Amino acid sequence: ALAIIPVAENLRIDYNYCPYGDPITSPSLQPEGVPDADLVIYVTANSAVCADENFKVLASAFSCFWDQFERPIAGTIDFCL
């Protein structure tokens with residue numbers, strides 16, 4: 001069986017590491033954080049990665065914030081439309 005240590009508190013993401021949500025309205029960037037969550041995903045479209053004509057990128061993804069055990073707790077998925 002897989003045993004993990006669950007997130008004990010609300011997820012609070014640092015905007016300096018994950019500048020994808022609106023710092024005013026995004027729950028993940030507010031002081032109270034996101035309750036009952038283990039992962040926050042920001043979905044974006046047509047970032048600078050998509051504009052690079054040397055690559056034919058359909059989508060990209062990466063993690064941008066980690067917990068004390070270095071597990072990703074926030075990331076982004078960017079779709080090239």
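Biologist: How much of the protein counts as buried?
Modeller: Of its 81 residues, 27% count as buried, bearing in mind that this is a predicted model.

Biologist: In what order do the elements run?
Modeller: Starting at the N terminus, the order is β-α-β-β, which amounts to one helix and three strands. Among contacts with a separation of 6 or more, 51% are between residues 24 or more positions apart.

Biologist: Let's turn to T76. Where is it placed, and is it buried or exposed?
Modeller: T76 lies in strand β3, which covers residues 72-79, and it counts as buried because its relative accessibility is 3%, where the cut-off for buried is under 20%.

Biologist: What does its side chain reach?
Modeller: The T76 side chain reaches the backbone oxygen of Y42 at 3.1 Å. Leaving aside residues up to four places away in sequence, T76 touches Y20, Y42, T44, S60, A61 and F62.

Biologist: Switching to F79, which strand is that in?
Modeller: F79 is also in strand β3, but F79 counts as partly exposed because its relative accessibility is 38%, and that class lies between 20% and 50%.

Biologist: Which residues make the nonpolar surface patch?
Modeller: F79 makes that patch together with L39, I41, V43 and L81, and the patch has an area of about 530 Å².

Terms used
Residues are numbered from 1 along each chain as its sequence is written. This is a predicted model: local features need pLDDT of at least 70, side-chain atom pairs count only at pLDDT 80 or more; totals for chains, interfaces and linings use all residues. Side-chain values use heavy atoms; hydrogens and water are left out. Helices (H or I, at least four residues) and strands (E, at least two) are DSSP runs, numbered from the N terminus. Buried means under 20% relative accessible area, exposed over 50%, partly exposed in between (1.4 Å probe, protein chains only). A polar contact is a pair of N or O atoms within 3.5 Å; within protein, one must be able to donate a hydrogen and the other to accept it, and residues adjacent in sequence count only if both atoms are side-chain atoms. Contact means heavy atoms within 4.5 Å. Patches are made of residues with over 30% relative accessible area and no salt bridge: like charges are joined within 9 Å, nonpolar side chains (Val, Leu, Ile, Met, Phe, Trp, Tyr) within 5 Å. Accessible areas come from the Shrake-Rupley method with a 1.4 Å probe; for residues, only the protein chains shown count as cover. A salt bridge is a side-chain nitrogen of Lys or Arg within 4 Å of a carboxyl oxygen of Asp or Glu.
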